[in-house]
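Please open the structure in your viewer and keep the selection tool at hand.

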Amino acid sequence: MLEVKNLTKIYSDGTVALKNVSFTVQDGEFLVVIGLSGSGKSTLLRCINRLIDPTEGDILWNGVNTTTAGTKELRVIRRKIGMVFQHFNLVKRSSVMTNVLCGRLGYVSPAATLIGRFSRQDTERAYRAMDMVGIRDQAKKRADELSGGQQQRVGIARALMQEPEMILADEPVASLDPVLAHTILGYIEKINQQTGVTVLCSLHYLDLVQRYATRVIGLKAGEIVYEGTKNDILNMTDTQFKEIYGEEAQRVGTGSITGGTQL
Amino acid sequence: MNTHPSVRVLPPPAAGLLSLIFPGLGQLCTGAVRKGLLISTSFLTLTALGLWRVSVLAHRETGWIDKLQKALSRQPGFMMLVILLFAAVWLTSIWDAYFLAQKRKKDRSAKGRNIIFALILTHFFVIGWQIAEIDLVKMVQKFPDTIPPLLKILMPWEAAIHRDRIEVDAKARILVDSEGEIPPVPEMIEGQPYIQVEPRTGKLSRMDSQGNIVEGTAVTIEGSGYAPLTEVQIFWNDAVGNAFRPRIDGTYAGTMTDAKGSFSYRMTMPYRLVPPSADGPQYHTVEGRQLQGMGSPKPSEPLVLTVQLIIETIFMGMMATLFGIIFSIPISFLAARNLMFGSLWSKILYYITRTILNIIRAIEPLIWALIAVVWVGLGPFAGILALTIHTIAALGKLYSEAIENIDPGQIEAVQATGATKLQTIIHAVIPQMIPPFVSFTIYRWDINVRMSTVIGMVGGGGIGFLLVQYIRLLDYRSAGIAVWFIAITVSILDYVSAEIRNKFI
């Protein structure tokens, strides 16, 4: 269980990214965070695995306070939290295999990585992870030779290598076309349903939110302005919608959301 | 913008008049400040340059009118063109100011025409042509002069091989201008060259009392046992053993052997004073000398030196690159914006580092070499020092830009897996750094080897030193060998470095 309590983040330039944010995520949930660009979604996700240090507040994960964790504790926490990024963030010049194996770094000793070797078990695990997202035949290719969709699959495989208990997905499909978006979210959903991994995912399109989320929180200017269950989202009104996405927001087509300057 | 018809601007005739007083003034007062200033300063510069060139052309004359006349008579084409353009720029600026003012009456921000800048630019180029002393006629006329040295440089290979030579000779005695026993025909020795002269007695050429030459006896020299198809030089030894080489009609006596190594040569006996004190029979000796190539062809000294020095050159480039890498890596971190913009002090350090790197880079390696020669003396070390200094600055900048271009996302992703700092560096930072580092380093090595071919010209060791010496000695063939080796080395290096870089990018 993840408990976020009174989380506040103020950047050194004075920007207030998160204001007193509190919420709880039960194990196995698929929680979607919605909100405009700059509403604090990315900051929130990065505070959870401490890629960004929060200014105030606590984050309790399975009872452990991550905000006060030391280097060693943090390593143990991070290796159980997989992360998927909007721009995939693969090490572009390394092979797909190496990228996937990187997911194992939290488990292997730094001395072993100096020699650059991973164990046979890790290699086999990597092949299984690649099988899961259907990129086994790309293993030898350089990461930047792959298409966007394939790169994001590598990103997911890398997260899988961590044997995660939670996956943080920061707009995982914002750089992909709608068809690919469903494929990628499908993989994440499959992991969520088959292994019970908790998922925290930020998304932009309402139809994707309606299709995948089991629960939704809406952020606006660093504050939670909406919280709802799957049913709530399916019946979401324009008023609630505007509250999250601002006055200029409107439904597009079958239910995408645009927020003025966004998209 | 505002388009009030009632905007107050200078009336067009006034603008034109102002530009008549001084080009650009009209535009300036019409509100086109930058244009006006540009025209004025250009006009001032062009005037100053023009006057300077006139006084250079007529440096002995005193008055300006005299100077102008002299300059006109020396280079009428150039002077006419300059005066014409001078007038054209002036007139155009008047017309332009008038036109602009008229337009601005309607629209405050109207743009004028830019024909005047084309004229100004042309004017600069005309003066530039004269300052640079460009002389196409000379270039075409004198071109044939370059052909002989050029051919030697392009085809230097006969200077690349060398054969040791040995001189062989055979002698035959002859009785001259005196009575006595006629010397016998020389004995033939197996395996050695042999000559005989017929007749074995005769008279030398001499001068009569009027100073006319009276030709001596014609003799036939028959030789055999020489190297085939090679020159044989005829020498003459007088009674006291002084050898000299007679000339017939201005050319030295001598001939070529036939395919069997024999020859037959006919000449009149040379002029030689017989000292009055000499008495008794006077025996002279006719000698047939030949220079024979001995042993197999060997590389010549220029070739050996060139090879040695091209190796030195390549290693100079390598060593300079190595030292450059060692020093520029730590420096590059100080010059990377993304690392140094944390605190005020690091920011200051960043600007200091950048400034120093820029200054060092602005000074060419050749100039550094001149300083290095004073420092460590002539030789390759001075060259290495100079190249190292320049390499540190150049690579420091390139490396720091590679560091600035690191993708933080990749680092973030690896950190998120629970990787330690060391693991993050190994798996996310280094993979991003290696390609640009390798690429820049190879590129720099390439430059350094090319630079070290010329750095010797100022005493920095390497092949440049040799090349300059050969050129100064007018030994174009040896210089040609050096040029060829430089060309071959640099092209191989170009190819190799391009290949390596392609592998890494």
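Predicted model: local features only at pLDDT ≥ 70, side-chain atom pairs only at ≥ 80, totals over all residues.

**Stop 1: the domains of chain B.** Select residues 12–134 of chain B, which form domain 1. Between the centres of domain 1 and domain 3 of chain B, taken over C-alpha atoms, the separation is 46 Å.

**Stop 2: the interface as a whole.** Display chain A together with chain B. Here 28 residues of chain A are in contact with 22 residues of chain B. About 2000 Å² is buried between the two chains, and carbon and sulfur atoms account for 59% of that area. Now select Val91(A), Arg93(A) and Leu105(A): they supply 26% of the area that chain A buries against chain B, more than any other three residues.

**Stop 3: polar and charged links.** Between chain A and chain B there are two salt bridges. To view one of them, select Lys92(A) and Asp407(B), whose side chains meet at 3.7 Å, N to O. The two chains also share eight residue pairs in polar contact.

**Stop 4: the side of chain A that touches chain B.** Select helix H2 (71–79), strand E6 (81–84) and helix H4 (110–115) of chain A; each supplies at least two residues of this side. How do the residues of this side divide into nonpolar, polar and charged? Colouring by residue type shows 12 nonpolar, eight polar and eight charged residues.

How values were computed: Residues numbered from 1 in each chain as written. Chains lettered and ligands numbered in written order. Heavy atoms only, no water. Domains from an automatic or database assignment. Contact = heavy atoms within 4.5 Å. Buried area = accessible area lost by both parts, 1.4 Å probe. Salt bridge = Lys/Arg side-chain N within 4 Å of Asp/Glu carboxyl O. Polar contact = N/O pair within 3.5 Å; in protein donor to acceptor, adjacent residues only side chain to side chain. Helix = DSSP H or I, 4+ residues; strand = E, 2+ residues; numbered from the N terminus. Nonpolar A, V, L, I, M, F, W, Y, C, P; charged D, E, K, R; others polar.
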